[in-house]
Amino acid sequence: MFASETGKSPGRKLLLAILIGMTLAVPLFSVWLLVYDRQTQSDQARASITEGWGGPQAIGGPVLVIPYRTTTTETSVGTNNAAVSRTREVIKELMLEPEDAQIQSNIKPELRKRSIYEAVVYDANATGKVRFAFPQDLVRYGVDPATLDLSRAELRFGLSDPRGLGANPKVAVDGRPVRLQPGAGSGHGRGFFAFVDAGALSGKPMVVDFDYRFRGNSSLALDPRAGSTRWQVTSSWPHPSFGGSFLPGTRQIGDGGFSAKYEIGNLALGRSLVSTHDKGGSDLTANAPSPERRYAATPEAANSASISLIQPVDLYSRVDRATKYGFLFIGFTFMTLLMFDIIGGVRVSGVEYLLMGAAIVLFFVLLLAFAEVIGFTAAFIVASVAIASLNTAYSAAVLGSWKRGYVIGGLLIGLYAVLYILLGLEAFSLLIGSILLFLALAGVMYATRRIDWSGTAPKEAVAS
């Protein structure tokens, strides 16, 4: 069998390559931290770009809120541990949600840049018509119709980040414009509202028309609250992502933008059109997105339909995934050098292993640096050609042959090509990667099947 003629057994050379590979784990982990740091810096830069414009927006309502008086009984323990009951009058709110809502929104996106960073902001509108009907069975909800203060009713609209609200929103009740106030109900919550007289509601439905504009970034969500909600959204952005608990019934996506139509019923929402709350306790967007919190971050905001204006290439996530394959690059390169050392008889020192491994680690730094400037694909080509060329020239000098150097260079180019494919095939990356690893391991096992790793066999024992 093959034996070492350089004073070290093949097993010791393998152990040396493994130790150097483990040493390279430190700079490889540092590269991963660098990717995380740059991604955090990018998020901060995007937040700075969109500051003052409006956060990820969610719209809610309108809903009709009518105050009413009721009595409540409180029991406490008095002297001699005797129970004391006290009855007092309190003001609560009856919330009526519309029976039918038709809403149209048009999102006009804009890509804003600062240095190498960019963020998607938009101007949008909410235009629609809703119809309220007075319930005939209020007693079932514990409300006496005689206690309703119909003259102090409020028509509430929710907007998660009111900073983005445009000028002169228009709301009309039964064709008559109403004056709007800040806050989603008596100054509470996020949005705006109007005092209305709901006295005529008991005789016929109330029809509300509205049209308001607002600004935001990244995403737009709707909190449907009607018995039947129809929401139609159009935009020139070609890369939407539909999320939330409800997806559009129909949608069309092309290079010129997208359109989507939602149809949502309150039975699917699992919510009645009539509810009661303590005064000031019905914020329409309490769980909606804000500049500090995304809309889908809380389970209470699950009953929403959301649209995100995504950018198709998230370079930081792709660089992060690529970095996780770093050990495979180091392992394949070291194994090839080891084969030249053991089988080819070309001595490779530990320093040469270390320098070539450092070049492989540098690939991921170059990939990150160039991707922020010229895009991921172009950066991948530049970094892979640079590192493959560097290691080809160096290995040709170390191994004493350009032919052997081309083997190393060809191996790296092949690995980079496979890596790029794996990064684009998220669903099958594990399957393809595991098959390639199996084939590579089988090849190494076949090539080293007659090697005496301990170096203790007689030198004349050469495999036939």
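## Cavities

A cavity is here a set of grid points where a 1.4 Å probe fits but cannot get out, and its lining residues are those with an atom within 4 Å of a point. In this predicted model, two cavities of 30 Å³ or more are present. The volume of the largest cavity is about 60 Å³.

The lining of the largest cavity is formed by G61 and P62, by P98, A101 and I103, by V130, and by L222, D223, P224, R225, A226 and T229. Strands β1 (57-77), β3 and β11 (219-223) are the elements that each give two or more residues to this lining.

## Overall composition

The protein chain has 464 residues, of which 42% are buried. Its secondary structure consists of nine helices and 17 strands. When contacts between residues at least 6 apart in sequence are considered, 76% of them join residues at least 24 apart.

The accessible surface of the chain amounts to about 23500 Å². Carbon and sulfur atoms account for 57% of that surface.

## The eight-stranded sheet

An open sheet is built from eight strands, arranged in the order β7-β6-β10-β4-β3-β12-β15-β14, with mixed pairing. The edge positions are held by β7 (176-177) and β14 (250-254); each has a single partner strand, so one side of each lacks a neighbour in the sheet.

Within this sheet, β3 (residues 100-114) and β4 (residues 117-132) are paired in the antiparallel sense, over 13 bridges.

## G128 in strand β4

G128 is located in strand β4. With a relative accessibility of 10%, G128 counts as buried, because the limit for that class is under 20%.

Beyond its neighbours within four places in sequence, G128 is in contact with Q102, I103 and Q104, and also with V208, D209 and F210. The C-alpha atoms of G128 and F210 are separated by 5.6 Å, although the two residues are 82 residues apart along the chain. Among the contacts of G128, I103 is also one of the residues that line the largest cavity.

## D320 in helix α4

D320 belongs to helix α4 (residues 315-323). Its relative accessible area is 17%, so D320 is classed as buried under the 20% limit.

Leaving aside neighbours within four places in sequence, D320 is in contact with W32 and V35.

Helix α5 provides the largest share, with eight residues.

Terms used:
Residues numbered from 1 in each chain as written. Predicted model: local features only at pLDDT ≥ 70, side-chain atom pairs only at ≥ 80, totals over all residues. Heavy atoms only, no water. Pairing = 2+ DSSP bridges. Helix = DSSP H or I, 4+ residues; strand = E, 2+ residues; numbered from the N terminus. Buried < 20%, exposed > 50% of the residue type's maximum accessible area, 1.4 Å probe, protein only. Contact = heavy atoms within 4.5 Å. Areas by Shrake-Rupley, 256 points an atom, 1.4 Å probe, with all protein chains shown as cover. 1 Å grid on protein atoms, 1.4 Å probe; cavity = no way out; pocket = protein on both sides within 12 Å on 5 of 7 lines; lining within 4 Å. Points joined across faces, edges and corners; volume = space filled by probe spheres on them.
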